[in-house]
Amino acid sequence: MSRTNVPIATRRKSRQIMVGNVAVGGDAPVTVQSMTTTKTADVEGTLAQIYALAGAGADIVRCTCNEPEAAEGLARIVPRSPLPLVADIHFHHEMALAALEAGVACLRLNPGNLRKPEEIRLVASEARDRGVPIRIGVNAGSLHPEIYRRHGGATPEALVESALRELDYFAEVGFEDVKISVKASNVALMISSYRLLAEAVDHPLHLGVTEAGPPPGGLVKATAGIAALLAEGIGDTIRYSLTADPVEEARAGRQLLEALGLRERKGLDLIACPSCGRAEIDVIAVANAAQQALQKMDLPIQVAVMGCVVNGPGEAREADLGIAAGKHRGHLFIRGKIVRVVPEADMVQALVTEAEKIMEEGVEARLAAAEQGAEEAAAADRAELMSSKRPDVNASEQRITSIRRRLDTGPAGP
Ligand code: SF4
């Protein structure tokens, strides 16, 4: 329901591939990925997590395929999964072949630990014959040892060379249905590597800061890297690698894309003022209560919680709906216009009720249904707050007299 739509960047032109029924690259929306943490052999547990990830905003899900039982699990998960599946492959090319046999929509190969050219070509040929794309997943922490040595470490050039070498092996068997990632846990290295890669190829890019760690630090690092690149138009699909429930990864990815205007809002966007000396309520407590109450409803709506009636409605006039706290009363507003004044204790419930009505009836209808006299009652509250005086600990009048004397301006005070 957001009304301001400023494009964040001109998107880098990339070719498009299909991961199952999800387009990646070209003019397709930037997609969100995450990875299951269950044993892939645990079919029911893995499916439950995939459904949770779909609900949190993931478009594509990756599962490890590290053992024969995992490949068999994938064969059972694929037909029941709501999202296309990517099989994550390290070390063993035969697990890539088994995952293809299981019917996955994409493979991820790590060139750092799956190094034999003949095995890489074999996997690429089989993927080509089945029409299945591959992500070349270069990782600074597991770079090909020879490339690492030659570059004197995991440099952007080293990461990109690893990706290009893999592309060459694929090209030898006529396979180019590829997306690429060059992840690092160091944000500056990650950003530089993707910039370099974006210049070198036109394949879609999968962005991520690897091993970002637990929130909130992990969220900050991942957002710094991914958002910096998206703001340059680089990136076609993203993954937050958090040490947390993967649902948090999917939610963060989705929220980032919505915040950058790269995806339509799917869920709640709660904005709240940081609070200051003017606040008439505990903004943090009310914002948390509103978040809890509204999040359950999963409405694509922006809601504001503001600490004071003097600045709140104006500062949050872009929000679909909001509440600003006055002295013991809350001013409920829609797009900056006061529609009702409610007792302080009812503020959160008033938001919930109005959010439901906005979703049912639309913003214009709810603006038209504004309570008679609400604006006047709110104006009276504001005026009272503005005029309320506290003890003059600064001895203001005496000071003003001194200022006027010093500047020789106007009457010398009362
Ligand atoms: S809305 Fe009011 S309380 Fe909140 S930061 Fe702005 S001035 Fe302070």
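1. One term is needed at the outset: two residues are in contact if their C-beta atoms, placed from the backbone, lie within 7 Å. The structure under discussion is a predicted model.

2. Helix α14 spans residues 374-387 and has 14 residues. From its first C-alpha to its last it reaches 20 Å, close to the 20 Å expected at 1.5 Å a residue. Its buried residues are A378, D381 and R382. These cover an arc of only 95° around the axis, which places them on the same side of α14. Among the elements that cover the buried residues of α14 are β14 (329-334) and β15 (337-343).

3. The other face of α14, turned away from the buried side, carries the exposed residues E376, A383, E384 and S387.

4. Helix α12, residues 347-361, has 15 residues. The distance from its first C-alpha to its last is 21 Å, close to the 21 Å expected at 1.5 Å a residue. M347, V348, L351, E354, A355 and I358 are the buried residues of α12. Viewed down the helix axis, they fall within an arc of 130°, so they line one face of α12.

5. Against what do the buried residues of α12 pack? Their partners are α10 (283-295), β12 (302-306), β13 (321-325), β14, β15 and α13 (363-368).

6. On the face of α12 turned away from its buried side, the exposed residues are E360 and E361. Just after this helix, G362 takes a positive phi of about 95°.

7. The largest nonpolar core has 81 residues. Within this core, C65, L74, A87, A99, V104, L107 and Y194 touch the most other members. Leaving aside residues up to four places away in sequence, A99 touches C65, A71, L74, A87, I89, V104 and L107. Another core, of 35 residues, lies apart from the largest one and includes C273, L294, A304 and V305.

8. Which residues surround the ligand? They are C273, P274, S275, C276, R278, A279, M306, G307, C308, N311, G312 and E315. This shell divides into six nonpolar, four polar and two charged residues.

Definitions and conventions
Residues numbered from 1 in each chain as written. Predicted model: local features only at pLDDT ≥ 70, side-chain atom pairs only at ≥ 80, totals over all residues. Near = placed C-beta within 6 Å. Nonpolar A, V, L, I, M, F, W, Y, C, P; charged D, E, K, R; others polar. Helix = DSSP H or I, 4+ residues; strand = E, 2+ residues; numbered from the N terminus. Expected span 1.5 Å × (residues − 1). Buried ≥ 20, exposed ≤ 12 C-beta atoms within 10 Å, placed from the backbone. Arc of directions from axis to C-beta. Core = buried A, V, L, I, M, F, W, Y, C linked by C-beta atoms within 7 Å.
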